[in-house]
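Hi everyone, thanks for coming. I have one structure to walk you through today, so let me put it up on the screen.

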Amino acid sequence: MKNKENFLDYVFKVSDDLAWTQSESGEVIVEMENKGFTNRIAQRFFKRPAVSHITLEGMGSFIFTCIDGNRSVYDIGLLIHDKYGDEAEPLYERLSVYMKHLEQVGFIRRLSK
């Protein structure tokens, strides 16, 4: 049986426990707590930070701010095309990879199929 699901129909939401801010220039800055045994060792002995600040630049910040729990991946793609035009091509291939990566690192979560 073939999988009839289309990734472009998925709706994502920013994770509730994710702390993030937006700079004056529009860049999204995500605060990611470094947890776990190896991170605690690195923090103690190598003075690594307990919280990392990850800056999403340009198109990544725009995509992140479009993720609202209502728009589908297809809808977000249309917004990207309106803002960036041909600069974003191949749009949906890149957007799919980016959304999957954000989901994998826990920045966003899928609401529907």
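**A loop residue, a helix and a cis bond**

Let's start at lysine 47, which sits in the loop between α1 and β4 (51-56). When I say helix or strand, I mean DSSP runs numbered from the N terminus, with H or I over at least four residues for helices and E over at least two for strands. Before going on, a word on the source: this is a predicted model, where local features need pLDDT of at least 70 and side-chain atom pairs count only at pLDDT 80 or more, while totals for chains, interfaces and linings use all residues. Residues are numbered from 1 along each chain as its sequence is written, and side-chain values use heavy atoms, with hydrogens and water left out.

Back to lysine 47: what is its phi? The angle is positive, about 55°, although this residue is not a glycine. Most residues other than glycine have a negative phi, and most peptide bonds are trans. Lysine 47 is also exposed, with a relative accessible area of 67%; buried means under 20%, exposed over 50%, and partly exposed in between, using a 1.4 Å probe and protein chains only.

Phenylalanine 46 belongs to helix α1 and counts as exposed, at 60% relative accessibility. Together with Phe37, Ile41 and Phe45, Phe46 makes a nonpolar surface patch of about 490 Å². Patch members have over 30% relative accessible area and no salt bridge, with nonpolar side chains (Val, Leu, Ile, Met, Phe, Trp, Tyr) joined within 5 Å and like charges within 9 Å. A salt bridge here is a side-chain nitrogen of Lys or Arg within 4 Å of a carboxyl oxygen of Asp or Glu. The areas come from Shrake-Rupley with a 1.4 Å probe, and for residues only the protein chains shown count as cover.

Now, where is proline 90? Look in the loop between α3 (73-84) and α4 (91-104). The peptide bond from glutamate 89 to proline 90 is cis, with omega near -5°.

Finally, the whole chain. There are 4 helices and 5 strands, in the order β-β-β-α-β-α-α-α-β. The C-alpha trace spans about 50 × 40 × 25 Å along its principal axes. Of the 113 residues, 33% count as buried. The chain exposes about 7800 Å², with carbon and sulfur atoms supplying 50% of that.
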